[in-house]
Amino acid sequence: MSLTIALSKGKLLAGSEALFRRAGLAFPNGEGRKLVVAAGELRFLFVKDMDVPTYVEYGVADCGVAGKDVLLETGADVLEPLDLGFGRCRVVVASPAGRAFAPDRAATTRVASKYAKLAAAHFLERGLGVEVVRLAGSVEIATGLGLADCIVDVVETGRTLAENDLAEVETVAESSARLIVNRASFHARRAEVQGLVAKLQDASR
Amino acid sequence: MTARLTQVPPGAQCFVGEEARLRRGIEETVVSVFEGWDYEEIIPPLFDYAEVFAGEALASKTYSFVARDGSLLALRPDFTSLLAKIAAGRLRERAAPLRLYYSGEVVRYEPVRAGRQSELYQMGLEHLGGDARAADAEAVAIAAECLERLGARGFVLALGHVGVFGGLVDAAGLAPERVEALRERVESKDPAGVRQVLQGAGVSSALAEAFERLTTLGGGLEALPQAAQAFSCCAGAGAALAELRAVADALGAAGLGRHLAVDLGEVRGLDYYTGLVFRVFAPDLGFEVGSGGRYDTLVARFGRPLPAVGFMLGLDRVALLLERQGRLAAIPRPAVEAIAATQLGAGLKDAVARRVRGARVRFGSGGDR
């Protein structure tokens with residue numbers, strides 16, 4: 001039986017494809033909307049980025065490529081043997097530009113984010129009261145419309161923040177793409193998993 | 001009628017008919033293996049004082065409640081603490097070694113996720129006192145026999161020893177916060193994360209490299225001599241590896257080598273385990289089937305210093321694994337004999353008579369299920 005790999009349909013897809021091809025591994029050639037595709041010795045699942053760790057934690061996929069930001073947010077119990085080096089970004093706190101951001105002056109700071117768990121932990125660990133407004137997207141507009149005092153979101157270049165009159169306040173976490181492996185697969189399918197890890201490691205150098 | 005009367009609380013489990021029979025079958029097989037190795041059953045109480053379960057890992061997961069006299073009680077979140085208490089208390093006069101087993105439910109506040117439920121059925125044993133290496137090897141061999149007899153395919157017993165990590169930590173003299181961050185990264189086999197945690201910790205480059213090797217070293221038994229070389233800078237880690245090797249060699253000699261793997265990044269429950277640790281994995285199930293290890297300090301909490309080793313298999317997980325591997329054969333039963341109750345006395349007399357002959361009867365109304 002071939003190994004099953006869970007990949008994100010989102011921003012890590014291009015980097016994952018380039019890496020697999022560089023490693024000499026098969027990769028599906030534009031199969032349209034099919035979400036489960038076999039290619040060579042591997043079977044690929046294309047899922048939402050936040051779902052990649054779930055597929056791997058349950059062992060539905062043996063391995064996957066997920067951002068560290070997503071791993072921190074989901075808290076999935078998976079192995080992380082490789083930092084693949086691409087998809088670098090940061091999860092930051094951002095607030096309206098030109099205005100002082102002082103969460104210590106308020107009993108509760110309202111934070112809009114896709115990263116509900118990371119955002120809450122970031123404030124609570126500092127002894128700051130927080131109310132997290134969980135959003136699925138377009139987080140950048142939340143402060144301007146009065147939904148939240150600040151946002152916790154991912155930035156690559158910072159352009160989206162600037163376009164929405166937001167300024168970065170502090171970093172919550174640094175992220176890059178990681179190869180993740182199911183705990184049982186790591187042992188029960190050791191030879192295949194280690195072969196894949198070795199190929200991807202060489203290709204990601 | 002309120003929703004509560006029909007709704008199931010998250011994490012609660014209920015098994016009906018065939019499902020329940022298959023679970024009983026698994027339990028009988030496992031218990032017969034425990035009995036076969038001369039272990040004695042203990043049926044411990046469902047609840048005890050909350051203090052009994054005060055280990056760090058379980059405290060936050062324990063269902064506790066206040067008794068009428070004001071004492072804090074808890075539903076058992078595991079069996080090991082209870083068996084330790086019994087070994088040190090009621091069985092205190094009994095000479096070591098004690099070989100005890102259990103099979104039953106525990107309850108935990110646990111989000112339902114990846115094979116975790118609030119209600120778990122555990123089958124396990126504890127070997128208290130006696131020759132430590134022999135007990136370690138025996139525990140792993142018994143776990144293997146259970147899976148073998150259940151018909152599980154391709155299972156792997158991944159062996160580790162917390163003293164390898166512990167030895168390196170002692171040699172490095174790390175601050176406790178950093179140890180926890182490091183443990184968590186080693187547990188995830190994340191070499192990049194290990195490097196990051198050790199940045200600015202003032203650890204020698206040899207030790208930093210050794211910590212990183214913990215995440216990559218592992219696999220077959222050939223990893224043990226490799227590890228001995230990689231960790232030669234640290235006597236504590238070397239001693240732990242020698243213990244692990246003695247156990248692995250014994251298991252190999254017993255013909256169990258094909259089921260063994262080495263996992264030196266197995267560093268869960270450091271406040272609890274003191275030596276050998278192992279987890280059971282199998283293809284077709286993404287999470288472990290069971291786990292165990294040596295805990296030499298727990299029983300002393302209850303007033304009897306007694307080193308010990310134990311393991312448990314999760315019945316729910318074993319059942320799921322066997323089902324996925326197509327190994328869960330229906331248990332054969334005699335065909336049912338239906339007896340009408342139109343003539344109540346004569347009918348019942350007939351049913352009782354057939355029961356004496358051992359028939360499976362259905363008295364009165366009701367069709368096939």
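These are my entries, one topic at a time.

**Entry 1: the model.** I note before anything else that this is a predicted model, and I keep that in mind for each entry below.

**Entry 2: the domains of chain A.** I looked up the domain assignment of chain A, which gives domain 1 as 3-87 + 176-204 and domain 2 as 89-175. I then checked how far apart they sit, and the centres of domain 1 of chain A and domain 2 of chain A, taken over C-alpha atoms, are separated by 29 Å. Where they touch, eight residues of domain 1 of chain A are in contact with eight residues of domain 2 of chain A. On the side of domain 1 of chain A that touches domain 2 of chain A, helix H3 (residues 68-74) of chain A gives the most, with four residues. Sorting that side of domain 1 of chain A by class, I wrote down one nonpolar, four polar and three charged residues.

**Entry 3: the domains of chain B.** For chain B the domain assignment gives domain 1 (8-153 + 283-332), domain 2 (155-273) and domain 3 (336-369).

**Entry 4: two helix pairs in chain B.** How do the axes of helix H5 (residues 162-172) of chain B and helix H8 (residues 205-216) of chain B cross? I found that these axes come within 10 Å and cross at roughly 160°, and since angles over 145 degrees count as roughly antiparallel, H5(B) and H8(B) are therefore roughly antiparallel to each other. Their crossing is left-handed. H5(B) brings B:Val164, B:Phe165, B:Leu168, B:Ala171 and B:Ala172 to the contact, and H8(B) brings B:Leu207, B:Ala210, B:Phe211 and B:Leu214. I sorted the residues of this contact into nine nonpolar, no polar and no charged.

I turned next to helix H6 (residues 176-187) of chain B and helix H7 (residues 191-198) of chain B, which pack at an angle of about 170° with their axes 8 Å apart. That makes H6(B) roughly antiparallel to H7(B). Here B:Arg178, B:Ala181, B:Leu182, B:Arg185 and B:Val186 in H6(B) meet B:Gly193, B:Val194, B:Val197 and B:Leu198 in H7(B), and the contact has six nonpolar, one polar and two charged residues.

**Entry 5: a covered helix.** Which residues of H3(B) are buried? I listed B:Thr80, B:Ser81, B:Leu82, B:Leu83, B:Ala84, B:Lys85 and B:Ala87, so I could note helix H3 (residues 80-88) of chain B as mostly covered, with seven of its nine residues buried. The buried residues of H3(B) pack against strand S2 (47-49), strand S5 (98-107), strand S6 (119-128) and strand S12 (308-314) of chain B.

**Entry 6: where the chains touch.** The contact between the chains takes 17 residues from chain A and 18 residues from chain B. The side of chain A that touches chain B has six nonpolar, four polar and seven charged residues.

Key. Residues are numbered from 1 along each chain as its sequence is written. Chains are lettered from A and ligands numbered from 1 in the order in which they are written. This is a predicted model: local features need pLDDT of at least 70, side-chain atom pairs count only at pLDDT 80 or more; totals for chains, interfaces and linings use all residues. Domain bounds come from an automatic or database domain assignment. Two residues are in contact if their C-beta atoms, placed from the backbone, lie within 7 Å. Ala, Val, Leu, Ile, Met, Phe, Trp, Tyr, Cys and Pro count as nonpolar, Asp, Glu, Lys and Arg as charged, and the others, Gly among them, as polar. Axes are lines fitted to C-alpha atoms, for helices over the stretch in contact, and angles run from 0 to 180 degrees between N-to-C directions. Angles under 35 degrees count as roughly parallel, over 145 as roughly antiparallel, 65 to 115 as roughly perpendicular and the rest as oblique. A crossing is left-handed if the near helix is turned anticlockwise from the far one by less than a right angle, and right-handed if clockwise. A residue is buried if 20 or more other C-beta atoms lie within 10 Å of its own, exposed if 12 or fewer, and partly exposed in between; C-beta atoms are placed from the backbone.
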